[in-house]
Amino acid sequence: MVRITEELVRKRAEHNECEIFSLEELSLHQQDLGKIEHLDKWCRHLKILYLQNNLIGKIENVGRLKKLEYLNLALNNVERIENLQACESLKKLDLTVNFIGELTSIENLKGNIFLEDLYLTGNPCTQFDGYKEYVVATLPQLRWIDGHEIEKSERIKAMQMLKSIREKIVAQQNEYLEKRALQKEEAKNKPIELEDNDEPSEDEDEETKQKKDQEFWNEKVDYTPETRTSIQNKIQENRDKTHDSKFKQPEIKRERRYFNEEGQPLNVNEAKIDFKLTETEDDSAFVLDVACYKYMDTSLIDADVQPWYVRVTMKGSVLQLVLFEEVKPDSCIAQRSQITGHLIVTMPKLNPPPVPALRPDVERKTKVETETPEKPREILEVREARSFSDNLANIARESPNRTPKSKATPDIKEPENSPDFVDDPDVPPLI
């Protein structure tokens, strides 16, 4: 049997962006579930729950679903109505084609005052004499029973006959429960067949297997929860066989190859991790920067440097890189960054260049510097800032070193005085 898992619920919650805490409707039909569990903790806001066509034998773990309005448990192995008293908002309950023989268990629904629609079609209790009258009188809040609307006159008659009807129902119920106890004993004493996970013997040919399957399907048995479970298991077994034969292919694991047929190392990155392989500025060593996970323990990382390749192993995943120059394995240094968590491996070359090689851009700069002579350095002189009043005072003032410009003034002849002119000193000048 299948159990309810978080992965299954999230898969069925695609319409709610895979969020289960705010889920209001959930469909888990035809999943071969054997038990109701976890839903009252994960999905507290459920209003509609579909659990039809499973192998559920008991109603349980739904008491915390206070907002549940519709519960569908059709085509299951339920034998008794229970554990629904706390579902305060329950309006519709579908128990079609189950194994409910204890009809008096519907009295557990008296506290569900909003329950209006109840389906019990296909259960053994529907064969009891007075079944419908007993249900109508016991649950006065119902408006529909098995898809039929309850009339007011029908309810009044049932209420008047409730006491006598209940005695008949209890007698028929006890008779059914005795029969059911015998069926359980027969199921226990029945020889145990091969389980679904057990593989048949190799000596059995195809004809023998087909003969056993035909005997299984032709066997006449009572329709009980045990036989229904065995039939469902047989269907699942046949389904797995056909699926394996048609679609399942044998898994072939690829062998790890770190060297080719000639013994030369290969580049391998099983961890799918980022890395950077560079050289130092003087080209005397290789520097490998591996982007290890920041919080990975250093004990899970192993670095192995060989003359022509380097290998870093992280939790069983290998990163191997080929070096195009031979290095000194004994002089290598491996360090772990405390900030980023990266692994930095410094590998000195066996034959570094004798003179530090200059890069092209450095060579070009040196050539330009040798060709152009040095120019004297020019310095910009800045005078001290003066105040605004000083600037106004020096507007008309000429500098002492500056020679005044000579202005050409025209010669103006003064007119001669008349013979009658008298120069009186008491008279002020005109200008």
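A crossing of two helices is called left-handed if the near helix is turned anticlockwise from the far one by less than a right angle, and right-handed if it is turned clockwise. With that term in hand, please note that the model before you is predicted.

I begin with the chain as a whole. The protein chain contains 9 helices and 15 strands. It has 431 residues, and 28% of them count as buried. Its accessible surface is about 31700 Å², with 50% belonging to carbon and sulfur atoms. Of the contacts between residues at least 6 apart in sequence, 48% join residues at least 24 apart.

I turn now to one pair of helices. How do α3 and α5 cross? The axes of α3, residues 131-138, and α5, residues 162-189, come within 10 Å and cross at roughly 125°. That angle makes α3 oblique to α5. The crossing in which α3 passes α5 is left-handed.

Which residues meet there? From α3 come Tyr-131, Glu-133, Tyr-134, Ala-137 and Thr-138, and from α5 come Leu-162, Ile-165, Arg-166 and Ile-169. By class, this contact comprises 6 nonpolar, 1 polar and 2 charged residues.

Finally, consider Leu-139, in the loop between α3 and β6. Is Leu-139 buried or exposed? Its relative accessible area is 0%, so Leu-139 is buried. Setting aside residues up to four places away in sequence, Leu-139 touches Ile-106, Leu-109, Lys-110, Leu-118 and Arg-155. Between Leu-139 and Asn-108 there are 9.7 Å in space, C-alpha to C-alpha, although the two are 31 residues apart in sequence.

Thank you for your attention.

Note on methods: Residues numbered from 1 in each chain as written. Predicted model: local features only at pLDDT ≥ 70, side-chain atom pairs only at ≥ 80, totals over all residues. Heavy atoms only, no water. Axes fitted to C-alpha atoms, helices over the stretch in contact; angles between N-to-C directions. Helix = DSSP H or I, 4+ residues; strand = E, 2+ residues; numbered from the N terminus. Parallel < 35°, antiparallel > 145°, perpendicular 65-115°, else oblique. Contact = heavy atoms within 4.5 Å. Nonpolar A, V, L, I, M, F, W, Y, C, P; charged D, E, K, R; others polar. Buried < 20%, exposed > 50% of the residue type's maximum accessible area, 1.4 Å probe, protein only. Areas by Shrake-Rupley, 256 points an atom, 1.4 Å probe, with all protein chains shown as cover.
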